[in-house]
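User: Please take me through this model in questions and answers. Start with the terms and conventions.

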Amino acid sequence: MAKFITALLTTVTLFMVVLAQPEPDNPTCSQGDKKTETEGCCVAQCLLTSVNAFTNNAIDKDAVKQALKTTVGADPNFAPLVDGIVEQCHNSVSSNAALKATPVPATPGRAGCSFLPEAFVNCVGSTFVQKCPTAAWTNNDDCNQLKQKLASGCSLASLKQIVM
């Protein structure tokens, strides 16, 4: 599981450096200081754009699949999951009208960023953890608690500590 979490974090880091996360609806998901929601969105948008996976307010699922296949997908336990998870998350975020809203910029004079990339990256990371193959899963209290929080609706980004 530690190998998987390392690969997952590498992938998530490739797409998004979490500078700030919004307070989730479920207060048991996270703690600590919060900044504006648009900051995390801008980071996710920038990084997805840098790997040619986000243009014209749309996620290029083929570019995402290619990037994931060289990271998490390089592990034979996870390679079969990449296409399905990307499709599932792409369909989920692309059909959510609220994610297509134009956000208010966090800093005056700066353009707002799309909510799609951040929601997509959270979905991909969370779904990889939830669908972790038995052969790679570490069955302990910390890992099981992480999976339970994700199943309850907490986003991966809102969970501040991942025990490896």
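Analyst: A contact means heavy atoms within 4.5 Å. The model is predicted: local features need pLDDT of at least 70, side-chain atom pairs count only at pLDDT 80 or more, and totals for chains, interfaces and linings use all residues. Residues are numbered from 1 along each chain as its sequence is written, and side-chain values use heavy atoms, with hydrogens and water left out.

User: What percentage of the 164 residues of the protein chain count as buried?

Analyst: Buried means under 20% relative accessible area, exposed over 50%, and partly exposed in between, with a 1.4 Å probe and protein chains only. By this rule the buried share of the 164 residues is 43%.

User: Which residues of helix H6 are exposed?

Analyst: Helix H6 spans residues 141-151, and its buried residues are Cys143, Leu146 and Leu150. These three cover an arc of only 60° around the axis, so they sit on the same side of H6; the arc is that of the directions from the helix axis to the C-beta atoms. Helix H5 (116-130) is included in what covers them. The other side of H6 has the exposed residues Asp141, Gln148 and Ala151.

User: With which side chain does the side chain of Ser114 make a polar contact?

Analyst: Ser114 lies in the loop between helix H4 (82-94) and H5, and Ser114 is buried, with a relative accessible area of 7%. The Ser114 side chain reaches the backbone nitrogen of Leu116 at 3.1 Å. Its side-chain polar contact, at 2.8 Å, is with Asn57.

User: What is the phi of Asn57, about?

Analyst: Asn57 is in the loop between S1 and strand S2 (58-59) and counts as partly exposed at 37% relative accessibility. Most residues other than glycine have a negative phi. Asn57 is not a glycine, yet its phi is positive, about 55°.

User: Asn52 is buried or exposed?

Analyst: Asn52 is found in the loop between helix H2 (37-50) and strand S1 (54-55). Leaving aside neighbours within four places in sequence, Asn52 is in contact with Asp60 and Ala63, and the C-alpha atoms of Asn52 and Ala63 are separated by 6.4 Å. With a relative accessibility of 58%, Asn52 counts as exposed.

User: What is the handedness of the crossing in which H3 passes H4?

Analyst: Helix H3 (residues 61-69) and H4 pack at an angle of about 145°, with their axes 10 Å apart; axes are lines fitted to C-alpha atoms, for helices over the stretch in contact, and angles run from 0 to 180 degrees between N-to-C directions. A crossing is left-handed if the near helix is turned anticlockwise from the far one by less than a right angle, and right-handed if clockwise. For H3 passing H4, the crossing is right-handed.

User: Which residues is Ile85 in contact with, leaving aside its neighbours within four places in sequence?

Analyst: Ile85 is in helix H4 and is buried, with a relative accessible area of 1%. The C-alpha atoms of Ile85 and Lys65 are separated by 9.3 Å. Apart from those sequence neighbours, Ile85 is in contact with Val124, Thr127, Phe128 and Lys131.

Notes
Helix = DSSP H or I, 4+ residues; strand = E, 2+ residues; numbered from the N terminus. Polar contact = N/O pair within 3.5 Å; in protein donor to acceptor, adjacent residues only side chain to side chain.
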